[in-house]
Amino acid sequence: MSTLNQALFLIAFYAAASIANAAVFDITKYGATTGNVDISKALISAWKEACAATSPSKVVIPKGDYSMRAVNLQGPCKSKVTVEIAGNLKAPADPAQFKGEDAWVKIENVDGLTFTGVGGGGTFDGEGERAWKKNDCAKTGMCDSLPYNFRFNSLTNSNISHISSVDSKLFHMNILGCKELGLDEITIRAPKDSLNTDGIHIGRSDGVYIKGAKIKTGDDCVSIGDGTKNLHVEGVSCGPGHGISIGSLGKYPEEDRVVGVYVKNCTITGTDNGVRIKTWLNSYETSASDLHFEDIIIENVMNPVILDQAYCPYNHCKAKISSKVKLSDISFKKIRGTSGSKVAIKLICSGKLPCQNVELADIDLKYTGKDGDAISECANIRPKITGKVNPAACTLKGSDLASSS
């Protein structure tokens, strides 16, 4: 059994044990009804009683279609709590109804949480279409003005499973300050033109395990921010979207280092990027190490393998100065499939801090265009080559000061 499977098994085992004799708090007993009536007060009331219980408890959202405004489910709780969602929920479409709120569903400071969809339920529809039209991130650089579907803050020894996040107004799920958290069989859906709708974003968390997610969205399927440690991503299908990305790193002062990211056995289809590491030009100092992508199937992806230390979206960099993010101990292994762009492998490292110990192993990427074979581009790097690598490494010389988006 793999490390990821062992961790998820233990999380699920203890979660199941806590459910067996749990007291039940059904939101319909607190006034919740299906239809267009807001159930947020009923859910919060049920949560508060469950959270105060001294033995394991369960909050139940029965089958049916519900409307719900923003909720904040706060811990710490006195015992383990399960939230079981058989119903489906819809958010207000108007962003103005979220004034002062940064998430539709926020859960924080809980140990031993189980948050799960059952019986075909567990869909959270963020009704994001109207909000996407108001997103002016590209013009202003202010990209965090709309609510996420979910924010999971400071959860420990917890599991989130069989939840569907649909059409979030901004990011679908944000994982911050969590330890030993499993996300199992998550589904995320939004159109490919929905701006800044990252699927699952992880930051400042240790021991997060994502397995079996199916993600179709308008930005990164999985994005990994500063302070992430011991992250395992396995069996994820991604596309459309922008791929699976570490970063962008170095935009803010005092970012914590990233250590230990393992992305394995994933399929990426029809995306702008495949597997990517990105750091800002003119960045603040930080580092990322022990980063590994292995056994990845690439299907018609524009930029399959990217290590990019010249990241500067929307031309918002004040100066073209080499990135000060130190990258080391990185591997791209067993990556195969088709590239929609001629440059299938792009490794652009900082001229100030060249990448250290980067390995390319057993890569086979074929260009689908008609103007020749795939090539690779490098700057400030001498990768270690193991096995067959197609295209051959570093056939084209690049620059770390030619900013990319």
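Author: What follows describes the salt bridges one by one. This is a predicted model, in which local features need pLDDT of at least 70 and side-chain atom pairs count only at pLDDT 80 or more, while totals for chains, interfaces and linings use all residues. Residues are numbered from 1 along each chain as its sequence is written, and side-chain values use heavy atoms, with hydrogens and water left out.

The count comes to eleven salt bridges (a side-chain nitrogen of Lys or Arg within 4 Å of a carboxyl oxygen of Asp or Glu). Side chains of opposite charge can pair when their charged atoms come close.

One of the pairs is Glu84 with Lys58, whose closest N and O atoms are 3.7 Å apart. This pair links distant parts of the chain, 26 residues apart: Glu84 is in strand β5 (residues 81-85) and Lys58 in strand β2 (residues 57-61). Strands (E, at least two residues) are DSSP runs, numbered from the N terminus. Lys58 has 14% relative accessibility and counts as buried (under 20% relative accessible area; exposed is over 50%, partly exposed in between, with a 1.4 Å probe and protein chains only).

Asp295 pairs with Arg336, the closest N and O atoms being 2.9 Å apart. Here too distant parts of the chain are linked, with Asp295 in strand β24 (residues 286-301) and Arg336 in strand β26 (residues 325-339), 41 residues apart. Asp295 is partly exposed at 22%, and Arg336 is partly exposed at 37%.

Asp364 forms a salt bridge with Lys366, with closest N and O atoms 2.9 Å apart. Asp364 is partly exposed at 26% relative accessibility, as is Lys366 at 49%.

Finally, salt bridges link Asp102, Lys106 and Arg151 in a network.

Definitions and conventions. Helices (H or I, at least four residues) and strands (E, at least two) are DSSP runs, numbered from the N terminus.
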